[in-house]
Amino acid sequence: MGMIAFNTNRGDPFGHASGSALASAWRFRCWLFISCVFFPAEIGFAQDTTPPRLVFHSISIQLDSAGHHTLTVGEIARIAAGSSDPSGITNAKVTPDTFSFCDAGTQTITLSLTDAHNNATNQTGAISVLAPTAAPHEVYADSTYPSACGPASFPNGGPDASHFIGLDAFRTIQAAVDHVGQNGIVHVAAGSYVENVVVTRPLCLLGPNAGTPGSVANRRPEAMVIPQRSDPENASIISVESDDVVIDGLFLDGSNPSLTGGYNANGVRVHAAAGIQNGTYPDLADVEGMTIRNNIVANISYDGICLDRYQYFGTSSAWNYIRNNKLANMWEGMLTYALDSVITGNVISNVTHGLSVHCVTTSSPKGFIPLVSSNTLTIGQWWPVEIQAARAPGIWINYRRERASPITVMGNVVNTPTASPSLKTIIGLFALTVDGNGTIDFTDNTVAGTGNCTVGFLAASCWSNNAVRLLGGSLKNIHSTGVLAGTLDAKWGPGNSSVTISNVEISLSPGGVGVLALQEPGTTLNSAFVNVTSNTSIHGGACGVQVRGANASASVVGTAQPIYANDVGIYVDSGRALVEGNLLTSNRFAAIVVENNGVVDAGDCSGANITGLGSGNGLNGASAGLNTLSGFGFDKLAPWAIHNSGGIPVLADRNIFKAAEGENIRDAIHGPVSFSETGILSVSAPPAMQVECIGQVPVAAQTMEEFVAAGGVVTAGSVSRVSSSETIVTNRPGHYTLTRCYTVEGGCSQAASCNQIITARDDQGPTLHCSSNIVQGVDPGCDYATVTFTNLAADSCGELAGPWVPVSTGRFPIGTNTVIVIATDAANNSAACSFDVAVIRPPTITEQPLARTNNAGTTATFKVAATGTAPLSFRWKKNEVPVVDGGRISGGSGAELTLAAVTESDAADYSVDVSNLAGVASSAKARLSLVTPRGLLRVMDFSGGVVTLELSGPVACTFAILTSTNLSDWAELYTNTAPFTFTHTNATAPGCRFYRAFHLP
């Protein structure tokens, strides 16, 4: 009969596997045996008991990227290839047949084969388990992972142990970064990581707070990364040396208390130059496509985030995003160099520099727009000492030239709550070196100066108009200058500078300047220009808009643009300004001030465009006026509508002065100004006047300024020319009447005439000025004094009749001499005055101070007697040095000097100077000597090895007690001032003991 396949226990002769062919066969054979009945051979049953022939092949298997592999049917067949059995192999299996990452290497397995008759055999052999060839796409870092290979969950200790230590789970961030695949993801668990991480491939490095901004209060527990080595000058905590890297949700702390060295950063020792940096100085990497977001970076010596491509300057880098990070306690929050970025939503505090964007000369790729937006920065410290910085900018955009793409700085807040140290300056917003295609718009930013910010906005070396614009926003409580466009940067040198300010609110601390166009000395080839426009508001300081320097200029054009509550609204010093449409009321000294021949067009009906700026809405770009210059009073006193101390007339036609009936616009103006309001010229002559003589009649006014200075009045009109004619009538000798007819012509108005009457009459005597009273000592060896003095006399008509006496020098005897001076003019008008000359003798010492010898602690007195004209002054000297009263010393400025409780330090030569208005007499020197003090040392008691000594002597003298056992070697025991007692408890040594007292000076 044929072979029967089975699957039961063939060792059981009485098997109970009913219903199977095998069970029937066994029952049949058993029956045959018992009954001993013979059957023909062709129907007998043959049993197979031979196991399969097993052949074992060692193979290699490959783990998948997750570190797993289960043997396939094909791989088992390869292991058992060549195995055979006559009845056929029905089952082949391998134990174990599943492998993980920790099994990588040579593994021992057992191959088991079974044939159709359930005959089995097995063999143990080795196979090679190969680690995954592809790096995992996601890896995990947890500082609490064990070091040995094994399954792990993330974070460590969780129920899902689906990762493997060494494959995709690591104790350090660096190991995770090194093992992740290209463009993979590294997940970092909360914990502490002491390492300096280097990233050399594109990846995402995600902390437990990925997606949560750094400034949010309820962040999850942090992944804290601190430096493993101290290098505060060059190295970062994370060095990014590849494109397309994302760092999200970590906490980087540059202070490692276990390290030595470092810098003192605001009281914290810091050991990293940067939190995140593209390499280690000076070997920096060329990177782009960086995304750094939602991180906290603290305690750094230089920059929290530093992307510095200075080695690749001139090449493009874009698609960089720095967002929602919190950076604190470092010199500078972030710095980028030679790359374009989007920097938004970051919170930066306790820094010297906020953030800076430097050196871009290439255009960004299409679709990428550089931006610095919605960041909050607090400038609050000046450290460490290893980094010396003179200036502290909040946001600094520097060197955008050639083909650089425009950049917008928008909606940022810069806080300056801390005053800067001496010679240091805080700058809210800073634009430096911008030309070519480079343009910067600072839009809707806020600088909260709190009286500490030196300059709210600084523009230096920004060449072209509109390349740098300050649009909207506010500069609040700025200490020195709201907006400064200067020709000399304090650090980077000279250059032209231009800036446009539009719709900005600028409030100032007292003494501050709102907008300043400044040509610095020594920069004769450079110019500074500010364009203040739209509805910019400037208030609270010394000046709203200031122009200083011949090459400095300003266009201040708006519609009721408020520049108010300053000392001066607009100030021009030798530069140029076009002023139109401004509300200039309520300025404390003047709306407009001009000095040193500054050129100001505040309204030019002729269209001459005298400033050359051409930014006005009048003819040829001249100012159309329309400035509100009201509220300054028409009283010829400050505050002034316009105050011009220069020689070039200010043009101020068609402005709003609001002069009421009877008020004269000229009375609100000082200096040469061409003005008008309604276009109707109305004039009044200078008032009638009387002079002493015909030679005193003033010359006729030839300019509007001279006409006004003479008392003429021009009401509601502009004056371009003043002319005059005169007639003289003589009534009798010495009396004259002059009629002067003025004709005043206005550039915007009709001419008008008026007459001034001047009368000349000599009724005044000479003007005489006597010398002041004189006190003088006698000439040497004489009983008189030669005294020099000056008496002055003049006549208004220059007609003195003869010399006045005495004129200058005279000899006067001792005593008081009264001098009377008289002068007479040709009309016999006279004047007199007098003064006294007092001649006195210098002091004479009649009794010299005497030398003396005193015991220490006693009182020493020195006396002097002198005669001479009072008052006499005394000045005692010790060894030629003036004596100062106080303590034991009195009488240093009197005739008797007293020294109480004298000591050896008082021993010296004493003298005195006696003086009065005539001179000084010096006394002889008197020597003060001191007697050397002696003390008495007595033994008062000796018992039990203790000796008590008493020292009496001059009170307050200092003595030392010494002891000896041989009268040769003395040791000091005690020091005090006499009198005193002293107990010595070490007096039991055998032999004799001696004591002595020694006076100390």
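## Basis of the values

Because the model is predicted, local features need pLDDT of at least 70 and side-chain atom pairs count only at pLDDT 80 or more, while totals for chains, interfaces and linings use all residues. Residues are numbered from 1 along each chain as its sequence is written, and side-chain values use heavy atoms, with hydrogens and water left out.

## Nonpolar cores

A nonpolar core is a set of buried Ala, Val, Leu, Ile, Met, Phe, Trp, Tyr and Cys residues joined through side-chain atoms within 4.5 Å, where buried means under 20% relative accessible area (1.4 Å probe, protein chains only). The largest such core has 124 residues, and those with the most contacts inside it include Leu 205, Phe 442 and Phe 457. Apart from it lies another core, of 29 residues, with Val 864 and Tyr 995 among them.

Leaving aside residues up to four places away in sequence, Phe 457 touches Leu 429, Phe 442 and Val 499, among others, a contact being heavy atoms within 4.5 Å.

## The largest pocket

A pocket is an open set of points on a 1 Å grid over the protein atoms alone, where a 1.4 Å probe fits, with protein on both sides within 12 Å along at least five of seven lines; lining residues have an atom within 4 Å of a point. The largest pocket holds about 560 Å³ of space, counted as the space filled by probe spheres set on the points. It is lined by 26 residues, and among the closest to its centre are Trp 331, His 353 and Lys 491. The lining divides into 16 nonpolar, five polar and five charged residues, with Asp, Glu, Lys and Arg counted as charged, Ala, Val, Leu, Ile, Met, Phe, Trp, Tyr, Cys and Pro as nonpolar, and the others as polar.

Definitions and conventions: Buried < 20%, exposed > 50% of the residue type's maximum accessible area, 1.4 Å probe, protein only.
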